[in-house]
Amino acid sequence: MSAVRAALAIAGKDLRIEWRHRTALVSAVVFAVLVLLVFIFARDPGTLAPRDLAPSVLWVTLALATLLALNRAFLLEREHGALDGLLLAPVSRASLFWGKWLANLAFVLVVDAIAFPLWVMFFGVDPTAALWLVAGVAVLAAIGFTAVGTTISAMTVRTRFAELLLPVLLLPFLLPPITAAAGATVRILEHRPAGEWLGWIKLLALYDLVFLVLATGLFPRVMDE
Amino acid sequence: MHVERLERRFGVVPALRGIDLTVGAGELILILGPNGAGKSTLLRCAAGLARPYRGTVRIGGRDVQTDPAARGLIGLVSHQSLLYEDLTARENLRFAAALHGIAGAEQRVRDALDTAGLTAVADRRTGTFSRGMIQRLTIARATLHAPVLLLLDEPFTGLDAPAAQLLRRRMAAERAAGRAVLCVTHEPAEAWHEATRIVVLIAGKVVIDQPRPADLERFRRDYQELLRQ
């Protein structure tokens, strides 16, 4: 019970601080919009329809916006040694992971919720019921992105080049969920039978489960000085 | 607190070389030593923030490395405030109370703010606080959960005379309340009269562990002589 309380306190604290500033949130949203615009302007309109690019663009945008969002995850713990305050708490260090992860997930979901309709608008995606399925895929992907990202962000926070190291270490781990999410999105948007995309979704769910369990187990070691 | 054969290395460089130390309730120990002697490293190991290469630190029989409950018995005042500057003083203490699972947290937070003399500014963000106010809030945070062991790492740094006097009174009060206090400092005069014991670390080893002598100036001469050797 104390672990749950500590995790909720950490998540609440992170979200309260973010809400006061909204700097990271605004930056991540603006960044997502810019990535979408870059893809719009970088394609040759005569040879490539926006709709053909849409699934890839969605996942590149959401993955990069997540990276930006995760950069801030532990930086606020570095200021004034606040991380030590967390580590001194008489709770399992795994609960620190769950607290940070919950806050990161909420943050990334807000960024996704803003970027998603813009993607639909910019890339002429049909606003059909299938979009709800794609939104569900985005939630599943966000769970995995943030599980791995929270752990790697904790690993890099004590280094001098945390902002640089995070994408270098994190992106290889994001390749499997990006592949699965893009695979499912393409097939869902083309209204293929469920049998063709369900496998990708199961893979995504398995990735989430494996990395949530791994992160919970590894986090106490990651936090060791 | 029982520290047994504690060793800590940074790569191949030893920082602590087999420290043995026992701290009883109501003791206030000054830990002295030159730069790089391992004073802060000893405190971080004692707090469970740094993993020793060898040896153990137990508080009330609990190993600080393996038993999270042991960390709840510790209060730490380090070089940094451990506070969030975007939260108010009250919110910082509420958050610490939630992490420590303190029952009746609101009343405890109010009392802590009152004791620290920060009630009037309780709802101001700590980013706007002066160094003295931050230090008082840091101590309030460190003692909010009534730890049995208070670890202070150069707590007088940057404090003006009234704030330093307030801190000395607080240390004496903690000791009087039966808590053990370990205070790392460069300058023994800062808390000489409050101390019950003096420990000197040099190159990661305890070279002096004795009750506080009555004569500070004589101790200071002997200490300087020791550092020159």
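A residue is called buried if 20 or more other C-beta atoms lie within 10 Å of its own, exposed if 12 or fewer do, and partly exposed in between, with C-beta atoms placed from the backbone. The model is predicted: local features need pLDDT of at least 70, side-chain atom pairs count only at pLDDT 80 or more, and totals for chains, interfaces and linings use all residues. Residues are numbered from 1 along each chain as its sequence is written, while chains are lettered from A and ligands numbered from 1 in the order in which they are written.

**Exercise 1.** Find out whether Ala146(B) is buried, exposed or partly exposed.

*Solution.* Start with the place: Ala146(B) sits in the loop between α5 (131-143) and β7 (149-153) of chain B. Helices (H or I, at least four residues) and strands (E, at least two) are DSSP runs, numbered from the N terminus. Next, count: Ala146(B) has 14 C-beta neighbours inside 10 Å, so it is partly exposed. Finally, look at the backbone: Ala146(B) is not a glycine, yet its phi is positive, about 50°.

**Exercise 2.** Describe how α1(A) packs against α3(B).

*Solution.* Two packed helices are described by the angle between their axes and the distance between the axes. Here the axes of α1(A) and α3(B) (residues 89-100) come within 8 Å and cross at roughly 155°. Axes are lines fitted to C-alpha atoms, for helices over the stretch in contact, and angles run from 0 to 180 degrees between N-to-C directions. The crossing angle therefore makes α1(A) roughly antiparallel to α3(B); angles under 35 degrees count as roughly parallel, over 145 as roughly antiparallel, 65 to 115 as roughly perpendicular and the rest as oblique. Now list the residues: Arg5(A), Ala6(A), Ala9(A) and Lys13(A) meet Phe95(B), Ala98(B) and Leu99(B). Contact requires C-beta atoms, placed from the backbone, within 7 Å.

**Exercise 3.** Which strands stand at the edges of the open sheet in chain B?

*Solution.* First, write the order: four strands, β2-β1-β4-β5 of chain B, with antiparallel pairing. Strands pair if DSSP finds at least two bridges between them. The edges are β2 (13-22) and β5 (62-63) of chain B, because each has a single partner strand.

Conventions. Contact = placed C-beta atoms within 7 Å.
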